[in-house]
Amino acid sequence: MKITQQLLADLVAAAIKCGATEAESIALESTEFSVEVRLGEVETLQESASRGLGLRVIYEGRQASISTSDLQAGSLEKLVTDAVDMARLTSADKAAVLPAPEEFADVTDEDLQLYDPAIAELQTERKIALAQACETAARSFDARIVNSEGASCSTTLGRMLLVTSAGFSGEYRATNCGLMVAPIARAGDQMQVAGWGDRQRWLEKLEAPEKIGQEAAHRVIRKLGARKVPTQEVPIVFESSAAGELLSNFFEAVSGEAVFRRASFLLGKLDEIIASPLLTIIDDGRMPGAVGSRPFDGEGLPTRRTEVVKNGVLRNYLLNNYTARKLGLSSTANATRGLTGTPGVGVTNFYVAPGQSLPEEIIATVKNGFYVTDLIGFGFNPVTGDYSRGAAGLWIENGRLTYPVEEVTIAGNFREMLHGIEIIGNDLRFRGSLAAPTLKISKMMVSGD
Amino acid sequence: MTLPLSFFIENFPISVAEIEKLLSDALSRGGDYADLYFEYSVLSNLSLEQQLVKSANRAITQGVGVRVISGERTGYAYSDEIAPRSIRTAALTAAHIANSTGNQAPINVTAQPPTHNLYAVEHSASEQPLERKIDLLKRADRTARSYDRRIREVQASLVDEYKVILIASSDGLLIGDVQPLIRMNVNCIADDDRNLQSGRSGGGGRAGLEFFETVQTPESFAHAAAQQAICLLAAVEAPAGAMEVVLAPGWPGILLHEAVGHGLESDFNRKGTSAFSGLIGQKVASELCTIIDDGTIGGRRGSLNIDDEGQPTSKTVLIEKGILRGYLQDRLSSRLTGAALTGNGRRESYQCLPMPRMTNTFMLSGQDAPEDIIASVKRGLYAVNFGGGQVDITSGKFVFSASEAYLIENGKITAPVKGATLIGHGPSALTKVTAVAHDLTLDHGVGLCGKNGQSVPVGVGLPTIKISEMTVGGTKG
């Protein structure tokens, strides 16, 4: 059976007929391909097409959802009746409603450039060659690169459809292409790995495989000889990729899901100064051709550009319809959807606005400090803002990068860390849907020997 | 009890003869080995927050994964329709990895029952009335809220899965399993008007809902989560630097999972990319440490009758009195290295390739009394509960983050501290284990392990142990 907006509209109508007050149906189709090469040889080839659909029903504020990949007519009929029966048993929740018809907009007009036909047409041989070129560039960079975790090239062609009983009906197609490599270097007893890659919606935007391979190689070679440092409080410079991880932690606390549950240190801080005046954070779902762009969110609302932090002031939480209603606010069109369950909250293109400084100028301001290139672990608590993660990178002495450092942690509290942002770099580049330039934080505790 | 083979034959248009034909198709361009992985699963979840039962959700997943191995190369494709025509398309796609003349000999598979019966569940949770599940969540909510008036929010969730799998291989294997899994989690937010803190607890296993009456109750989870949140309101800064660390029994066994478990998975070792590569027979821990991976413990979250390649799970000694003894094998690594299978080939779903994964990983009890271990520490950390952990397999550096920990001062447990990450180096961290107590405890059953984007349920266990020196990532120098 072909998945169409009409099929979803029929399901929605059947649910209403069954007694649901509101209903929403979603379908996801994707064709995924990936090749992994290692030491020059193809190791795995995977290719598959999959599809599934989900139905969410609301019965007087009571919600239930069911998803399936079984699209036979008889199975879908049962899906509708089961969902309505399940909903009758949950609790009435005034916030559990679909967005109102007037909140929708005509979302198909503007071309967000989400679908690259060149990715759809990319031949298997070419994908293998991209991965091989990436790995070869990494392995030939330095004699100390003795092994490899391999390189991979993956592509996704996706289609998303959404129909709601409130009057929304829409769909879009999107492509995605990723290239990754992880070379391994050895010196004496020490072995190090560094992964590096790029992910874009358009093939022509993807960084050249040779450049990705060389960067990965550079990153692994500079780790060789890494050691611990004594425990001390120092300024920290976060390399762009590590700064992106800080931003990802910040999202956990600014998400409406954490805020309405009182599980965020940003609770009650709207329109207050929460960070250094240098900090501006944006979520923008309408950047043409960007990985996080989409015409509408998981509830059918048109995506938009939201200033989350403006010059250090918290301007907006990121919200879906449910969390917005719980907080007495309006949705920022950040609803995300799987096939099952209630909508979540997610970023679109989420980034720290770039500053003026070159990364090396930032490093030059530090007399004794830590340039963090890699973070490991899950040591961030959005409820309290407490932050403690494993870190690796390079030590800074007198404004210059010196020896590599590993097996240490960096710790602080996000409240102080946000205020402590001293300099923001000019090196913003998206390698996915979340990006930050190089950042300097005035001081954090480094724990080592 | 449902028999996997008859389940698939009765519900889908397939037969044993058709399965044999599909395996032949998979090897039509050559290759050494092919297998089919049939999966049907129903995943239900229910959550309660702000005293409202928020939504009842159910996901039905079905499909077949086809794998072809040719030397070190693997081809994989799947179909989300369990019907010969679409499985054949997947088989022919996977077949592309090989390019020789193809296998002409007919393939015959013979059905066999699993040798283990570790989770005979009479009534699967997925068939239980929703009202019964809602009642469990409400009991947790009531207990947590009545624990202390500073408990402001309670979030409780119940997840149950019912999974039927069937594996057929070109080696003639035809074997299936029915795998129930339940889990309940309780999160509490405490607020004393100055500070917010959270506490969490949960548990489960491969069992029916009666587990929550007889083994662990919603009240016990709620009590533990509320107690943790309230206790943390008084938390002081965590210390920074290298110090003595005492790990409480049970869930802190995540140390073993990160410090040694992942590094002993055979794929990394076959490729020479693990910090443990080539260390078999060498000392990687103190002689007090014996570490086991055991997929055969009845009813445990990490246990399985067969792995996702049809091999019975087993008990594997990873480290014996400090000496590295073995790796965790899947079929590919075992074929390439000649090592015996250990039943650790696991995958998240039919959409994924199997890999070597842990089951239940724990350290055997020693001789010490836990109170003597604490009394022996002048200044250190006593870590009771952990959030997640992570490891860099190649460098061996690993972290795990304490979510509930206390200072030890002059042999006594004193103030609770804020969350802190502990960091170490896998091949040397356990050489610093200087005491192991006689109180081995397995975790409550909420562990989820991620590798290459695939999540599988696992278990861990630990007796109280002392590590003479480990870096604690606090803020107080």
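We will visit a sheet in chain B, a sheet in chain A, and a pair of helices.

Before you click, this is a predicted model, in which local features need pLDDT of at least 70, side-chain atom pairs count only at pLDDT 80 or more, and totals for chains, interfaces and linings use all residues. Residues are numbered from 1 along each chain as its sequence is written, while chains are lettered from A and ligands numbered from 1 in the order in which they are written.

**Stop 1: the sheet in chain B**

Select the six strands of chain B that make an open, mixed sheet, in the order S11-S10-S9-S14-S23-S20. Strands here are DSSP runs (E, at least two residues) and helices are too (H or I, at least four residues), numbered from the N terminus; two strands pair if DSSP finds at least two bridges between them. At the edges sit S11 (323–324) and S20 (441–442) of chain B, each pairing on one side only.

Now zoom in on S9 (291–294) and S10 (315–320) of chain B, an antiparallel pair with four bridges.

Slide over to S11(B), which pairs with S10(B) in the antiparallel sense over two bridges. Here B:Ile319 has B:Leu324 as its bridge partner. Which residue of this hairpin takes a positive phi? Click B:Lys321: its phi is near 45°, in a hairpin with two residues between the strands.

**Stop 2: the sheet in chain A**

Switch to chain A and select its five-strand open sheet, again mixed, ordered S11-S10-S9-S14-S19. S11 (313–314) and S19 (434–435) of chain A each have a single partner strand, so one side of each is left without a neighbour in the sheet. S14 (350–352) of chain A runs parallel to S19(A), joined by two bridges. Show A:Tyr351 and look across to A:Ala435 in S19(A).

**Stop 3: two helices in chain A**

Packed helices are described by the angle and the distance between their axes. Select H4 (124–139) and H5 (209–221) of chain A: their axes come within 7 Å and cross at roughly 35°. Those axes are lines fitted to C-alpha atoms over the stretch in contact, with angles running from 0 to 180 degrees between N-to-C directions.

Next, show the residues that meet (C-beta atoms, placed from the backbone, within 7 Å). Among them are A:Leu130, A:Ala133 and A:Cys134 in H4(A), and A:Ile212, A:Gly213 and A:Ala216 in H5(A).

How values were computed: Two residues are in contact if their C-beta atoms, placed from the backbone, lie within 7 Å.
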